[in-house]
Amino acid sequence: MRTTITRLALVLLLMSCSPPGSGDPAASGEARTLEDPAADMDGVLRVLVYHDMEGLTGQSDPNTFRFSHPERYAVGRTYLTGDVNAVVAGLFDGGADEVHIVDGHGSGNPEPDLLLDQLDGRAELVSRNEVFDAYVDLTEPGAYDAIAVVGMHAKTGSGGFASHTYTLGIDFLLNGMAVTETELVGYSWGRVGVPVIFASGDDRLAADLAGPMPWIEFVTVKTATSASSANPRPVDEARAEMREASARAMANHRSARAMRLAEPATAQLHAVPPADLSMLASVPGIDYADQRVTFEASDFRAAYDGLVGLVTVARGGYAAVMSETGRAMAGPAFGPTYSDALFDRWLDFESDRWSPVAPPAAAVRTFHGFR
Ligand SMILES: [Zn+2]
């Protein structure tokens, strides 16, 4: 009996205090904290607008956000520019002094997705001469007072229009919370006390954000009927609401919340088709189970970088679709041809006959956000 009590006491003791260095704030109920926005440092109210391209007004065709479908993408650019203009106007109405815009979509178009000749001339595009990650590389203390996000989509598994997180078949979890891209932006800017104040997208994104970011002025622009279909609201009506809501968000931006991830953090990448993580199942040193890889990270940036690294692994699953496509296009010749090519690569390398194809000379170009 005595031993039982001692063991019980030990268990209770272990449960009551989280062991030092366990790195699992989620387990102790502190996955994140919400804070008042950092004070404005320069007397200029500067807002950064992220645009994505899946949660646009008037949009129900996935090809409108795909650069590989030029005719439909051209239509998507008009949706995008109209939505961004509505929000830019609203932010200025609400008291913003400067509005900057960055590409959070990455269509593959080397030019901005926005139609610059139709864009509100008061807004300025963020650009750099080198590749940068729009979510994490712009975050500096005092750079911005508030963040707005336009044309966003719900997270993987939410049943939203084009719902995903970061890329196809990927689900990011931070301290046990499956997060949307809007939350990734929020945790990145929360590092320097800057809140996300406005978002637009479909009804499923509205549901995704209602719990974790209730202070956001959110405009629902369509109802998702599947990942590839939606019922859009009348465009003029939705954009008028976007302008009003973004003005209100700006006027009230001091009452929004900056969200800071509890650190150290537990990060988890979860893969669903077409991505796949099962190739890691028997790799030593990897915490893998059921299409999930979990790791501890010292801070948000380390968690994000680790997740992005794992995305590269999970995208190995896309090869299954590539081989299905190859077989469909080349017929029965695909398998033997591929097998011969693999053998030739091996034999050529082993015989010193092969060297990697030199990458094309880097073109001098401007980057507006995600590629
Ligand atoms: Zn996105």
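Mentor: A residue is buried if 20 or more other C-beta atoms lie within 10 Å of its own, exposed if 12 or fewer, and partly exposed in between, with C-beta atoms placed from the backbone. Helices (H or I, at least four residues) and strands (E, at least two) are DSSP runs numbered from the N terminus. This is a predicted model, where local features need pLDDT of at least 70, side-chain atom pairs count only at pLDDT 80 or more, and totals for chains, interfaces and linings use all residues. Residues are numbered from 1 along each chain as its sequence is written.

Trainee: Why is helix H3 called largely enclosed by the rest of the structure?

Mentor: Because 10 of the 10 residues of H3 (residues 181–190) are buried. Among them are Glu181, Glu183 and Trp189.

Trainee: What makes Val126 partly exposed?

Mentor: Val126 has 17 C-beta neighbours inside 10 Å, so it counts as partly exposed. Val126 lies in the loop between strand E4 (124–125) and strand E5 (146–150).

Trainee: Which residues does Val126 touch, not counting those up to four places away in sequence?

Mentor: His100, Ile101, Val102, Leu138, His368 and Gly369. Contact requires C-beta atoms, placed from the backbone, within 7 Å. The C-alpha atoms of Val126 and Leu138 are separated by 9.4 Å.

Trainee: Which residues touch the most other members of the largest nonpolar core?

Mentor: Val47, Val49, Val87, Ile147, Ala148, Ile197 and Leu269, out of 84 residues. Such a core is a set of buried Ala, Val, Leu, Ile, Met, Phe, Trp, Tyr and Cys residues joined through C-beta atoms within 7 Å. Helix H2 (residues 70–93) gives this core its largest share, eight residues.

Key. Contact = placed C-beta atoms within 7 Å.
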